[in-house]
Amino acid sequence: MAEHHSRYLILLNYDSLKTTVSHFERLDLEDFVEIDNPVDRFQHYENSSADAWGETVSGVAKISNYMASDLPEAILDGWKKSPKHNKIVLKKDFQYAGCSIVVVIKEYYSWATPKKIKCLKAFATLDVCN
């Protein structure tokens, strides 16, 4: 489930330098089946009877020599520095977790300079439940 959402965010942002991060997910682009929140996504994918869920999502776009191997620590540090995300990561009620980081390196044409630039994009999703 976490990997599916991270891949969805990559597809959502693929043709742009922006990183739009959301818990929202459109499941079927033809029928416009939409999931507005992580709880509905848990129930859709996991058919879970868990009574507590949590989700943290992160997006990174870097135009430099940023190494993909630096991403896990950078993403976890971001979650630790955010009180709401840190609370989800540390909550003792959660027994199960799924984490995914999806990375894409793509070239974009820059209007500011007459050349293509490489951009590393990564989206991470951490889903937890009891």
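Student: What share of the contacts in the protein chain with a separation of 6 or more comes from residues 24 or more positions apart?

Tutor: They account for 62%. A contact here means heavy atoms within 4.5 Å. The model is predicted, so local features need pLDDT of at least 70 and side-chain atom pairs count only at pLDDT 80 or more, while totals for chains, interfaces and linings use all residues. Residues are numbered from 1 along each chain as its sequence is written, and side-chain values use heavy atoms, with hydrogens and water left out.

Student: Which elements does the protein chain run through from the N terminus on?

Tutor: The order is α-β-β-α-β-α-α-β-β. That comprises four helices and five strands. Helices (H or I, at least four residues) and strands (E, at least two) are DSSP runs, numbered from the N terminus.

Student: What makes Arg7 and Glu3 a salt bridge?

Tutor: The rule asks for a side-chain nitrogen of Lys or Arg within 4 Å of a carboxyl oxygen of Asp or Glu. Arg7 and Glu3 meet at 2.9 Å, N to O, so the pair qualifies under the 4 Å limit. By this rule the count comes to one salt bridge.

Student: How are Arg7 and Glu3 placed in helix α1?

Tutor: Helix α1 covers residues 2–13, and the two are four residues apart in it, so about one helical turn separates them.

Student: Why is Arg7 called partly exposed?

Tutor: Buried means under 20% relative accessible area, exposed over 50%, and partly exposed in between (1.4 Å probe, protein chains only). Arg7 has 46%, so it is partly exposed. Glu3, at 41%, is also partly exposed. Of the 130 residues of the protein chain, 32% count as buried.

Student: Why is α3 called roughly perpendicular to α4?

Tutor: The axes of α3 and helix α4 (residues 83–90) come within 5 Å and cross at roughly 105°. Angles of 65 to 115 degrees count as roughly perpendicular, under 35 as roughly parallel, over 145 as roughly antiparallel and the rest as oblique. So α3 is roughly perpendicular to α4. Trp79, Lys80 and Lys81 of α3 make the contact with Pro83, His85, Asn86 and Val89 of α4.

Student: Which residues make the nonpolar surface patch of about 250 Å²?

Tutor: Leu76, Val89 and Leu90 make it. Patch residues need over 30% relative accessible area and no salt bridge; nonpolar side chains (Val, Leu, Ile, Met, Phe, Trp, Tyr) are joined within 5 Å, like charges within 9 Å. Leu76 sits in helix α3 (residues 71–81). Leu76 has a relative accessible area of 38%, so it passes the 30% limit.

Notes:
Areas by Shrake-Rupley, 256 points an atom, 1.4 Å probe, with all protein chains shown as cover. Axes fitted to C-alpha atoms, helices over the stretch in contact; angles between N-to-C directions.
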